[in-house]
Amino acid sequence: MSDIKRMLSGTKELHVLRTGDTQYVVTDNLLRNLVSRDILPVTKTFDEHFAAKLTQIDALFSETAFLFLLAQKADERIDGKYSTVFIGLLQNALNTFGSSVILLRSGLPGQSMVLLRQVVEICSTIIHIAGDPKAKAIDDFIAGNYNSTTSIGQAKKAVPIIGLFWGFLSNSFVHINHAHSMIQPIRPYKQDNAEVEAIIKCLRMTVWICYLTAEIAFPMLREHNRYWQRRVIDGRHAVEYAPSPEEREWAAAFLNLEEVGPDDLEGFDGQFRSNRLVEAADGSGRQAG
């Protein structure tokens, strides 16, 4: 037995299992092999076939992360209660999105999609809190009485595709169904993998939602936003979904979904009001509680 242990590097214990006349010896390093050895050929093939498809996704992810960094340096322009919550939520959304990409690259596409649903829910929470005119959502959130799933209905008023996308991710990947009973081995990727191509489309949608959310959470960080423009509507300060024609065209091409076109990206009335927008002395506006 000691000779066998020496042959199996990294093994501390051997477990002997017997079934009838058959005896099996199981090592205690299967999990470590999975995370440190078995996924290496998988990640290599992913990088070979699909890494280039992450370029545009990375660019929008990086721009979202830039807004996150700016928000950390702009505390004087953002009410502290909202700032702390939004900065923390946005960081978790970005980290969870990155984790989803890591899982996909490691040969775990289904698990990757589960995390994307969480990203969408985090973004919906930010959108709901930002747009709540009575500021009840932020207080409930801080008090621990907030139900994040209720944010979906409110968030889709600002970004309608959120409701459909969240429902798709929930029903297909989070809620247990027949697909979860199928064996899904971790194996190297082939070039024409339709499942990976579909998930990359979902990555595009999710990172786009992350970016829209960052603009909604911190609309005062830059002079010109890509999507949400500062407006005075009916005497109240608000942000309005008003991308340029060029931006609409870019978004439609970026999302690359037949059922979503440039005119399907805005809210029901194109407006998203926030009780946190007030006029500053210089007329530029600032965020406050």
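Searching the whole structure turns up 13 aromatic pairs. A pair here means rings of Phe, Tyr and Trp (its six-membered ring) with centres within 6.5 Å; planes under 30 degrees apart are stacked, over 60 edge-to-face, and the rest tilted. One of them joins phenylalanine 168 and phenylalanine 173, edge-to-face, at 5.8 Å centre to centre with 85° between the planes. Phenylalanine 168 is partly exposed at 37% relative accessibility. Phenylalanine 173 is partly exposed too, at 22%. On the cut-offs: buried is under 20% relative accessible area, exposed is over 50%, and partly exposed is in between, with a 1.4 Å probe and protein chains only.

This is a predicted model, so local features need pLDDT of at least 70 and side-chain atom pairs pLDDT 80 or more, while totals for chains, interfaces and linings use all residues. Residues count from 1 along each chain as its sequence is written, and side-chain values use heavy atoms, without hydrogens and water.

Next pair. Tryptophan 208 and tyrosine 227 have ring centres 5.9 Å apart and planes at 90°, so this one is edge-to-face. Tryptophan 208 is in helix α10 (residues 194-217), and tyrosine 227 is in the loop between α10 and β3 (228-233), so the pair ties together parts 19 residues apart in sequence. Helices (H or I, at least four residues) and strands (E, at least two) are DSSP runs, numbered from the N terminus.

Buried or exposed, tryptophan 208? Buried, at 0%. Tyrosine 227 is buried at 0% as well. Ring pairs link Trp208, Tyr211, Tyr227, Trp228 and Tyr241 into a cluster.
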